[in-house]
Amino acid sequence: MPVLAATATTETTMIGVLILALALVTLGYALGCWLWPFGACRKCHGTGKRRSPFGKAFGLCRRCHGDGRRLRVGRRIINSLREIHGKGTR
């Protein structure tokens with residue numbers, strides 16, 4: 001006679017482990033966004049310069065305005081949550 005209860009608990013255990021892993025990854029990304037809020041600009045690869053298509057001349061990158069950095073998506077979410085919380089507590 002097969003025992004079906006053991007199979008059902010294994011599936012629930014796997015779902016629990018998956019939820020725990022997802023929570024750990026999310027918290028790790030949030031911590032990374034809090035510690036290192038900026039990443040390299042994708043357009044200029046962090047140099048802040050863009051090259052002209054026909055010569056050796058270059059100008060400032062339009063996306064990052066020559067800074068070479070961009071605000072990470074997770075940090076933008078953190079900033080908007082802080083702003084919403086600040087407006088609600090005042």
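Arg76 sits in helix H2, which spans residues 73–89; helices here are DSSP runs of H or I with at least four residues, numbered from the N terminus. The model is a predicted one, so local features need pLDDT of at least 70 and side-chain atom pairs count only at pLDDT 80 or more, while totals for chains, interfaces and linings use all residues. Residues are numbered from 1 along each chain as its sequence is written, and side-chain values use heavy atoms, with hydrogens and water left out.

Arg76 also belongs to a patch of positive charge on the surface, together with Arg42, Lys43, Arg50, Arg62 and Arg63. Patches take residues with over 30% relative accessible area and no salt bridge, joining like charges within 9 Å and nonpolar side chains (Val, Leu, Ile, Met, Phe, Trp, Tyr) within 5 Å. Lys and Arg count as positive and Asp and Glu as negative, with His and the chain ends not counted; each charge is placed at NZ of Lys, CZ of Arg, CG of Asp or CD of Glu. Accessible areas come from the Shrake-Rupley method with a 1.4 Å probe, and for residues only the protein chains shown count as cover.

There's a nonpolar surface patch too, of about 510 Å², made by Tyr29, Val73, Ile77, Leu81 and Ile84. Helix H2 gives the most to this nonpolar patch, with 4 residues. Val73 is one of the residues placed in H2.

As for salt bridges (a side-chain nitrogen of Lys or Arg within 4 Å of a carboxyl oxygen of Asp or Glu), the count comes to 2. One pairs Arg69 with Asp67, with the closest N and O atoms 3.4 Å apart. Arg69 is partly exposed at 43% relative accessibility, and Asp67 is partly exposed at 44%; buried means under 20% relative accessible area, exposed over 50%, and partly exposed in between (1.4 Å probe, protein chains only). Another salt bridge links Glu83 and Lys87, where the closest N and O atoms are 3.4 Å apart. These two are 4 residues apart in helix H2, so about one helical turn separates Glu83 from Lys87. Glu83 is partly exposed at 48%, whereas Lys87 counts as exposed at 61%.

Then there's Arg75, also placed in H2. Arg75 is buried yet has no salt bridge, and the nearest side chain of opposite charge, Glu83, is 12 Å away. Leaving aside neighbours within four places in sequence, Arg75 is in contact with Cys33, Trp34, Pro37 and Arg82, contact being heavy atoms within 4.5 Å.
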